[in-house]
Amino acid sequence: MTDYGHDLLFGAFVTPTAQPVRHAVDVAVAADRAGLDLVTFQDHPYQPRFHDTWTLLSYVAARTERIRLSGNVLNLPLRQPAVLARSAASLDLLSGGRFELGIGAGGFWDAIAAMGGRRLSPGQAVQALDEAIQVIREVWAADKPGGIRVDGEYYQVRGAKRGPAPAHDVKIWVGAYKPRMLRLTGRVADGWLPTLQYLEGGTADLTTMNAQIDEAAVAAGRDPGAVRRLLNIGGQFAATGRSFLNGPPEQWAEDLAGVALEHGVSAFILAGDDPAVIELFANEVAPATRELVAEERAH
């Protein structure tokens, strides 16, 4: 069993659908009012059925009061890292420190190339993400002397000015599944953000994937606990328990508490666009899960 000891977070994974035009915004506002910790949006800039995710994040930040916001995850190949870093810092400042940076190496390369992006192999994409994270952190390091210098194979920044610094220590959460990306996460990221439905073995896969992150963190001289484990989830609420995340709220709480205590997941982000379901998740599942985990940690 692995419990990294982080406070639990509960969030929503909202589809950035462009029609109805403000539906995604309304769902995010509902998540804020319900008391969730986080609202996130996928980022597929080549998808005309979706709003541009960065524009949506900015609009939602202005319409909400306390909830944190993140891409889930931002598409690096179509978002230049030095500009992305300044955008992130600006949104964090304007929102009062409510932005976190979920980012991915890219997929759907035909669609990325059709938009003018660079087509990369899986190995190249991992290296590009590693370089991009260096660039982003250097931009945010506003108090360091001198200009930014990152001489990567995919990203070169030569003397750019630093800043602005974000309002708080913005966390970089990486969407990762394969070994190279998991190792990168352990070396340099603040969080790991996979989607449960993409894990062929379900939650059991978290054991070996966590181990790869932990080994890379230790090899880099880091505490594995410095990497928060987040998880996108989906399920059904029902009057009686049927299967994992398919049953009443109290069963959901038991299921999620088990994942938190056994696999160290400390943020659960529910995919869905129904405000009533989001309110149920926030009002019944989240507090019950926190209570179960706190009881077990106290023993």
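Q: Which residue in S7 is the bridge partner of Val150?

A: Strands of a sheet pair through backbone hydrogen bonds, either parallel or antiparallel. In this predicted model, Val150 has Val157 in S7 as its bridge partner. Strand S6 (residues 148-151) and strand S7 (residues 156-160) run antiparallel and are joined by 4 bridges.

Q: Which residues of strand S6 form the covered face, and which the uncovered one?

A: Ile148 and Val150 make up the covered face of S6, whereas Arg149 and Asp151 make up the uncovered face.

Q: How many bridges link strand S5 and strand S8, and which helix lies across them?

A: S5 (residues 101-104) and S8 (residues 172-174) pair in parallel over 3 bridges. Within S8, Val174 stands opposite Ile103.

Q: What lines the largest pocket?

A: The lining comprises 47 residues, and those nearest the centre of the pocket are Gly106, Gly175, Ala176, Tyr177 and Tyr198. Two or more residues of the lining come from each of S4, H5, helix H6 (179-188), helix H7 (205-219) and strand S10 (228-233). By class, 25 of the lining residues are nonpolar, 17 polar and 5 charged. The space in this pocket is about 1300 Å³.

Q: Where are cis peptide bonds found?

A: One joins Gln19 and Pro20, with omega about -5 degrees; Pro20 is in the loop between strand S1 (9-14) and helix H1 (23-34). Another joins Gly163 and Pro164, with omega about 0 degrees; Pro164 is in the loop between S7 and S8.

Q: Is Phe108, a residue with a positive phi, buried or exposed?

A: Phe108 is exposed, with a relative accessible area of 60%. Its phi is about 40 degrees, although Phe108 is not a glycine, and the residue lies in the loop between S5 and helix H4 (109-114).

Q: Is Leu245 buried or exposed?

A: Leu245 is buried, at a relative accessible area of 1%. Leu245, likewise not a glycine, has a positive phi near 55 degrees and lies in the loop between strand S11 (236-237) and strand S12 (246-247).

How values were computed: Residues are numbered from 1 along each chain as its sequence is written. This is a predicted model: local features need pLDDT of at least 70, side-chain atom pairs count only at pLDDT 80 or more; totals for chains, interfaces and linings use all residues. Side-chain values use heavy atoms; hydrogens and water are left out. Two strands pair if DSSP finds at least two bridges between them. On a 1 Å grid over the protein atoms alone, a cavity is a set of points where a 1.4 Å probe fits but cannot get out, and a pocket is an open set with protein on both sides within 12 Å along at least five of seven lines; lining residues have an atom within 4 Å of a point. Grid points are joined across faces, edges and corners, and a volume is the space filled by probe spheres set on the points. Ala, Val, Leu, Ile, Met, Phe, Trp, Tyr, Cys and Pro count as nonpolar, Asp, Glu, Lys and Arg as charged, and the others, Gly among them, as polar. Buried means under 20% relative accessible area, exposed over 50%, partly exposed in between (1.4 Å probe, protein chains only).
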